[in-house]
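Please examine the two chains shown below.

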Amino acid sequence: MPPSPDAVAALKVGWAGVTDRASLDHPAVDVPAADLLGVLGSLKSLQGFDMLTDVAGVDWGVGARPRFTVVYHLFSTTTHAYLRVASSCPDDAAPQLPSAAALWPGADWHEREAFDMFGIRFAGHPDLRRIIMWDGYPYHPLRKDFPLAGIETPLPDAEITAEVKVGLIAAPMAGGPFVAAAGQMNMGDAEPRAKDESWNERRPKPGT
Amino acid sequence: MPTEHAFPDSAARIARAEAGAEKMSISMGPSHPSTHGVLRLQLELDGEVVTKADPVIGYLHRGDEKIAENMTYNQFVPYTDRLDYLAPLANNMAYAIAVEKLAKLEVPPRCQAIRAITAEMARISSHLLGLGAFGIDVGAWTVFMYTFTEREKLYKLFEELTGARFTTSYSRIGGVARDVPEGWLGRVDAFCVQFLPNLEEVLNLLTRNKIFMDRTAGIGVITKEDAIAYGLTGPNLRASGVALDLRKDKPYSGYEQYDFDVSVGTRGDSYDRYLVRAEEMRQSVRIIRQAIAMFPPGKWSAEDARKIVAPRKDKVLTSMEELIQNFMLVTEGPQMPPGEVYFEAENPKGALGFYVVSKGGGVPWRLKIRAPSFCNLSILPKLCVGVMVADIVAILGSLDFVMGECDR
């Protein structure tokens with residue numbers, strides 16, 4: 001069924017918790033975590049949003065409330081309309097949302113990525129493992145409290161570590177990354193330059 | 001023309017395999033010639049039949065999204081080259097348009113035309129490589145030689161325009177790095193004229209090639225429903241019979257002015273995916289030639305947006321105002337309003353999307369890259385079950401993915 005002219009208005013009739021979300025382009029709604037699966041399901045079956053194009057985790061920063069939001073972008077292959085559905089995780093310490101993998105099998109990998117990068121768990125996901133980092137990697141790199149330079153971590157393969165006798169490889173920063181920071185500071189600080197979190201062979205890692 | 005796979009009943013074969021002997025687990029990749037980079041497939045085999053396929057990705061992960069959060073918008077342009085590194089010009093454009101949407105900035109028609117021409121050239125270049133590599137995967141070496149000859153000509157044109165053959169970094173937020181050189185459009189047109197007969201010669205090596213058809217027709221069939229449910233886009237979606245092309249359905253960068261056809265498959269097998277790409281190259285030539293014929297005069301960047309677009313270099317060195325403007329743009333980045341946008345462009349591999357969250361200022365708070373190769377590969381666990389190992393090579397070749405984009 002094609003989407004109604006105003007999918008958001010139609011959605012609000014059935015779901016009291018759905019609210020408008022500020023957006024610069026496509027229609028967008030905020031959905032409480034408890035209603036998320038119902039809303040996505042009705043958008044898919046009643047409004048014709050048959051394709052889930054993207055699932056993006058967002059970390060609003062340490063101390064922000066709510067800290068983690070997952071943003072779904074839906075697309076209709078018949079009317080070519082986009083819709084943005086955002087849902088925040090109720091618990092900041094153990095972020096969790098219901099999984100959309102039963103609605104769209106394509107959500108499987110997207111949710112694994114959000115889990116890998118942000119540590120957001122998806123209840124009901126068939127196989128929630130890391131997808132980009134290796135199994136057993138201890139951090140969630142896209143969280144705002146994870147440093148850009150990375151954190152040294154033992155290599156995943158114990159056998160190879162024993163063989164080559166190298167267990168840790170520091171990120172080869174070699175003067176980078178060159179970070180430009182905007183905000184209330186003097187120009188010297190704002191200029192793109194290697195910040196203190198970089199180190200290399202000649203320069204020891206700060207704090208060691 | 002073969003209409004059915006030699007072993008149509010995969011369910012029965014899996015059942016036989018499950019009832020019978022022990023299974024073998026092998027790793028295909030990460031450095032296997034048919035995995036086009038560093039894709040690894042953890043396969044479970046019963047004899048030659050695949051009973052389970054688990055793709056392992058991430059070997060080329062560089063943390064592009066993390067990097068983007070720590071630099072200004074223009075500084076990230078070179079990183080977009082390295083997503084789908086076979087079509088950097090198309091990535092540059094998609095990223096620039098996404099950020100321009102955030103700023104509600106319209107680029108001049110000349111800039112749009114330049115971007116459309118370069119994106120279509122990138123599409124031809126990407127499809128030529130995809131076709132050549134696909135040919136090698138299924139045993140037709142010669143095709144690769146022909147397609148690389150044509151690609152080399154394109155790279156010469158890229159080099160003349162951008163200064164680089166491979167990593168072009170051509171777009172800027174609000175424009176392009178420089179105008180087209182004198183006589184360049186004529187040389188692009190000349191390329192198109194000689195390319196069409198050469199393309200037909202290449203395609204003649206494959207389209208009715210008995211071996212090629214036996215290897216690809218009926219192999220890796222993706223139904224329309226599956227293609228949509230898994231979020232497949234681009235030629236892989238269209239080969240399954242969905243006439244979805246964002247250049248037509250959500251036109252950007254002036255594509256609405258150009259007359260071209262969307263090529264659509266009927267059966268969704270590897271052979272259809274080949275045919276769709278072959279036709280897309282002909283259509284790209286049509287678009288390029290139209291864009292050259294109606295190439296607009298005027299500015300090639302949105303110079304008036306002084307908080308976003310850097311001034312011309314000659315002015316920077318002679319005028320105080322422009323010097324300050326340039327300094328502010330380099331140190332603080334192009335100034336964006338707070339808000340969020342999502343933009344998808346029809347790239348050679350599929351819909352490349354950028355979800356940009358801004359809190360204002362010159363650095364994005366979050367930049368999510370929706371990589372078409374990532375979504376296209378997510379169907380592999382379903383697609384590869386019940387096929388022969390040799391068929392996986394044909395399926396991977398026909399999906400035409402790039403790991404730089406998949407792993408980001």
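Predicted model: local features only at pLDDT ≥ 70, side-chain atom pairs only at ≥ 80, totals over all residues.

Residues are numbered from 1 along each chain as its sequence is written, and chains are lettered from A and ligands numbered from 1 in the order in which they are written.

Chain A contains 5 helices and 9 strands, where helices (H or I, at least four residues) and strands (E, at least two) are DSSP runs numbered from the N terminus. Read from the N terminus, the order of these elements is α-β-β-α-β-β-β-β-α-β-α-β-α-β. Of its 208 residues, 33% are buried; a residue is buried if 20 or more other C-beta atoms, placed from the backbone, lie within 10 Å of its own. Among contacts in chain A with a separation of 6 or more, 49% join residues 24 or more positions apart; a contact requires C-beta atoms, placed from the backbone, within 7 Å.

Helix H3 of chain A (residues 107-118) is mostly covered, with 12 of its 12 residues buried. Among these buried residues are A:Trp109, A:His110, A:Phe115 and A:Phe118. The cover includes strands E3 (51-59), E4 (68-75) and E7 (121-123) of chain A, together with H15 of chain B. From first to last C-alpha, H3(A) reaches 16 Å, close to the 16 Å expected at 1.5 Å a residue; the expected span is 1.5 Å times one less than the number of residues. A:Gly119, with a positive phi near 75°, follows H3(A).

The contact between the chains takes 43 residues from chain B and 36 residues from chain A. Elements of chain B that each supply at least two residues to this side include helix H4 (88-103), helix H14 (320-332), strand E6 (336-347) and helix H15 (372-377). By class, the chain B side has 17 nonpolar, 14 polar and 12 charged residues; Ala, Val, Leu, Ile, Met, Phe, Trp, Tyr, Cys and Pro count as nonpolar, Asp, Glu, Lys and Arg as charged, and the others, Gly among them, as polar. After H14(B) comes B:Gly333, whose phi is positive, near 85°.

Within chain B, helix H5 (residues 109-137) packs against two other helices. Its axis comes within 9 Å of that of helix H12 (residues 270-293), crossing at roughly 155°; axes are lines fitted to C-alpha atoms, for helices over the stretch in contact, with angles from 0 to 180 degrees between N-to-C directions. H5(B) and H12(B) are therefore roughly antiparallel, a term for angles over 145 degrees. Their contact comprises 13 nonpolar, 3 polar and 4 charged residues. With helix H6 (residues 141-162), H5(B) packs at about 160°, the axes being 8 Å apart. H5(B) is thus roughly antiparallel to H6(B) as well. The residues of that contact include B:Leu128 of H5(B) and B:Phe148 of H6(B), and they divide into 12 nonpolar, 4 polar and 2 charged.

B:Ala116 lies in H5 of chain B and counts as buried because 22 C-beta neighbours lie inside 10 Å. Beyond its neighbours within four places in sequence, B:Ala116 is in contact with B:Ser253, B:Gly254, B:Tyr255, B:Ile287 and B:Ala291.

Notes. Parallel < 35°, antiparallel > 145°, perpendicular 65-115°, else oblique. Contact = placed C-beta atoms within 7 Å.
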